[in-house]
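Please look over the sequence and the model below before reading on.

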Amino acid sequence: MSFDAASIADLWRCPKSHSPLVVDGDFAVCSNPDCRLKYEIRDSIPVMLIDEAQTLSVEEWSAAIARNSAAK
């Protein structure tokens, strides 16, 4: 069973900025352009630890957000 972000979309937020998250492949990406953290989804379980998140460059973040927007 894979992780279904749509079922919790209204509740799912970035632990740091409290902004909505979007799924980009095996990652959850913060939608806040000032935060730009990405959280790994391992074995269908999101790892929502700020210390384990990676900060995306502006270009990487923009591409992830664009992919998510195009998928809708």
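A residue is called buried when its relative accessible area is under 20%, exposed when that area is over 50%, and partly exposed in between, with a 1.4 Å probe and protein chains only. This is a predicted model, in which local features need pLDDT of at least 70 and side-chain atom pairs count only at pLDDT 80 or more, while totals for chains, interfaces and linings use all residues. Residues are numbered from 1 along each chain as its sequence is written, and side-chain values use heavy atoms, with hydrogens and water left out.

With that scale in hand, serine 44 counts as partly exposed at 30% relative accessibility, and its place is in the loop between β3 and β4, where strands are DSSP runs of E with at least two residues, numbered from the N terminus. Although serine 44 is not a glycine, its phi is positive, at about 70°. Aspartate 43 is found in the loop between β3 and β4 (45-46), and it is another residue other than glycine with a positive phi, here near 50°. Is aspartate 43 buried or exposed? Aspartate 43 is exposed, with a relative accessible area of 73%.

The strands themselves can be followed through their pairing, which requires that DSSP finds at least two bridges between two strands. Strand β1, residues 21-24, runs antiparallel to strand β2, residues 27-30, and four bridges join the pair; within it, leucine 21 stands opposite cysteine 30 of β2. The hairpin of β1 and β2 has two residues between the strands, and in it glycine 25 adopts a positive phi near 65°. On to the next pair, β2 and strand β3, residues 37-42, are also antiparallel, over three bridges, and alanine 28 has tyrosine 39 in β3 as its bridge partner. Six residues lie between the strands in the hairpin of β2 and β3, where arginine 36 has a positive phi near 60°.

Several of these residues return in the nonpolar cores, a core being a set of buried Ala, Val, Leu, Ile, Met, Phe, Trp, Tyr and Cys residues joined through side-chain atoms within 4.5 Å. The largest nonpolar core has nine residues, namely Trp12, Cys14, Leu21, Ala28, Cys30, Cys35, Leu37, Tyr39 and Ala53, and β2 and β3 each supply at least two residues of this core. A second, separate core of six residues includes Val22, Val29, Trp61 and Ala64. In soluble globular proteins, nonpolar side chains tend to be buried together.
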